[in-house]
Amino acid sequence: MQYDIIVVGAGHAGIEAALAGARLGKKTLLITMLVEQIGAASCNPAIGGLAKGHLVKEVDALGGEMGLCTDETGIQFRVLNASKGAAVQGTRAQIDMDGYREYMRKVCHETPNLDIYQDEVSELIVENDEVLGVKTRLGEEFLAKKTILTVGTFMRGLVHIGENTYSAGRAWELPSTTLSLQLKELGLNVGRLKTGTPSRLDGNSIDFSVMETHGGDIKPTPFSFRTDKKSFNPTQYPCYVTYTNLNTHDIISANFHRAPIYTGQIEGLGPRYCPSIEDKVKRFSERDRHQVFLEPQTAKCTEYYINGMSSSLPIEVQKKMIASVKGLENARIIRYGYAIEYDYVDPTELKHTLETKKIKNLYHAGQINATTGYEEAAAQGLMASINAVLSIDKKEPFILRRDEAYIGVLIDDLVTKGTHEPYRMFTSRAEYRLLLREENADIRLSEYGYNFGLLSKDAYEKMLNKKKTLEDAVEFMANIWITSKKETLELLESIEEEKINDKVLLIDLIGRNSMTIEKLDVLVPSLKELDEYLKEQVLIEAKYYRYIQKQQKQIEKMKKMLKLKIPENFSYKGLPGLSTEVIEKLEKNRPATLYNASLISGITPAALDIIHLNMNLPTKNS
């Protein structure tokens, strides 16, 4: 059977890829090991978080589904880092894992142009370094113009629980046994990584009375810009916090010799920023306790996820260490924690479109690219599908710059720098994070989503109204001078604001950290009729106004620099600051412009600066 796009795998990357392809008018096939597991949250029952929340909102602004599903199935919403600046805040939601899966499965089934098929893809159909389709374990053959692999941890997945191992893509689910071997034969650089998950506990066996209670925000923030904020009022369920102790650590330490990550049983590297409890105890031996979050997996609160106690220790050790934690003395384990090893493909094998360089019409998205997290996966799936559609239509590719989106940072990091451990998004990775805030993702990216046909006209016009309101407010405040006359000083004193000694621009006054919505109403009466959400955005725009101006100048400078042509006889050899590997790549590819150089894997912004500085200097060949 002939399709435009085949998507292999129905996790978070696969769903966004399949939905985008179908919604853009392409006949799309989604192949999954188990239809019941479409949209399964394999690990933690949560969406978003620091930097990850940015990705979800960017996916939403482009017309993706993750934000809408989270708003519909979320059971607790919190803004992390709420006391800090907007640039480093992150929205996070606990989700009803069953509800999330059911929602996504329903959406996939009801989307026109999208077919769903349950089977294992055992082989790619390849001719002359070009993918023509797939073959399945049951003997089916499907042809397509483009194929997107979103296989998660399934490629030669191997589960570890103590000395016990078994092949699986997730606990007790069949792995993909042949696909990664074929990718290796095709010349792609295939490596091995690992991740893990904690035990799940029976909620009725936990003593929550001795734990700290963590509830959601009083005014919850939805993920999707398309969700009506005024009527958004989900039922919220608490999480609970307890701690490990020295007894817990002694139990774990006494069994290091049985931990697969230390015995050599596991080959792949795990996520450095989300270590197992045994790794935390070993690496931070000076600490006498570690925080543990008990998170409900569904609204029924029958099962709890032990965030902070991921483990692959033997089951008898897991029993003892969990029972040693305050409140978990009588906890019944429903599912044991485990580690899983799986194959991935070096992301430097990809173009910025997420198409592989060596094999035409083959795209990779999600954990196959060495990333970790539902949010990173969803972003890649959406981008891979958009680019597959654009390629079919013979249109220019869609590549987000680092100054446009966290998605741009994510993909650029992967394809230029690569990674030897599971990649996780952080705000610190984005050099233009003051521009790339959660609340302005719609302003940054909705035009793309609308022009592609993934975002409705209503959603787009809603963004345009918000954008104009904020632009008008900023322009007004940036052109009004406030002087230190008596009336002004009295007004400032009346709202408990520090006085001014000289004239200042209104926008700098509103940009103070002490400014509130109530004070804004007093100082700028013309904005009083705006709703509370927009007033908050005005305060944020004012606070970052000066910083944004500075970053915009840096971005314009970078854009101009990237357009510069590199002299044909330019020699990279001997340039101080460039590694031998970078020099070899540049000499081999001979990029025509600095922009072309930026697209070569391993060429960082720092390397571009070095080339730029030396372009007008005499070279050995001149």
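1. Helix H2 passes helix H10 in a left-handed crossing. The model is a predicted one, and in it H2 (residues 52-61) and H10 (residues 374-392) pack at an angle of about 30°, their axes being 9 Å apart. Because angles under 35 degrees count as roughly parallel, H2 is described as roughly parallel to H10.

2. The residues that make this contact can be listed. From H2, Lys 52, Leu 55, Val 56 and Val 59 take part, and they meet Glu 375, Glu 376, Ala 378, Ala 379 and Leu 382 of H10. Sorted by class, the contact of H2 with H10 comprises six nonpolar residues, three charged residues and no polar ones. An α-helix has 3.6 residues a turn, so residues three or four places apart point the same way.

3. How many residues of H2 are buried? The count is 10 of the 10, so H2 is largely enclosed by the rest of the structure. Charged side chains are included in that set: Lys 52, Lys 57, Glu 58 and Asp 60 are among the buried residues of H2. Also buried are Gly 53 and His 54, together with Leu 55, Val 56, Val 59 and Ala 61. Just after H2, Gly 63 adopts a positive phi of about 105°.

4. Arg 78 stands opposite Arg 92 in S5. In a regular strand the side chains alternate between the two faces of the sheet.

5. Helix H1 (residues 12-23) and helix H4 (residues 97-110) pack at an angle of about 25°, with 11 Å between their axes. On that basis H1 is roughly parallel to H4. The crossing of H1 and H4 is left-handed. His 12, Ile 15, Leu 19 and Arg 23 of H1 meet Tyr 100, Met 104, Val 107 and Cys 108 of H4. The contact of H1 with H4 divides into six nonpolar residues, one polar and one charged.

6. S7 (residues 121-127) pairs with S8 (residues 130-136) in the antiparallel sense over six bridges. Glu 127 has Glu 130 in S8 as its bridge partner. Which residue in the hairpin of S7 and S8 takes a positive phi? This is Asn 128, with a value near 50°, in a hairpin that has two residues between the strands.

7. S8 pairs in turn with S9 (residues 141-149), again in the antiparallel sense, over three bridges. Gly 133 stands opposite Leu 143 in S9. The hairpin formed by S8 and S9 has four residues between the strands, and Gly 139 in the turn shows a positive phi of about 95°.

Technical notes: Residues numbered from 1 in each chain as written. Predicted model: local features only at pLDDT ≥ 70, side-chain atom pairs only at ≥ 80, totals over all residues. Heavy atoms only, no water. Pairing = 2+ DSSP bridges. Axes fitted to C-alpha atoms, helices over the stretch in contact; angles between N-to-C directions. Parallel < 35°, antiparallel > 145°, perpendicular 65-115°, else oblique. Left-handed = near helix turned anticlockwise from the far one by under 90°. Contact = heavy atoms within 4.5 Å. Buried < 20%, exposed > 50% of the residue type's maximum accessible area, 1.4 Å probe, protein only.
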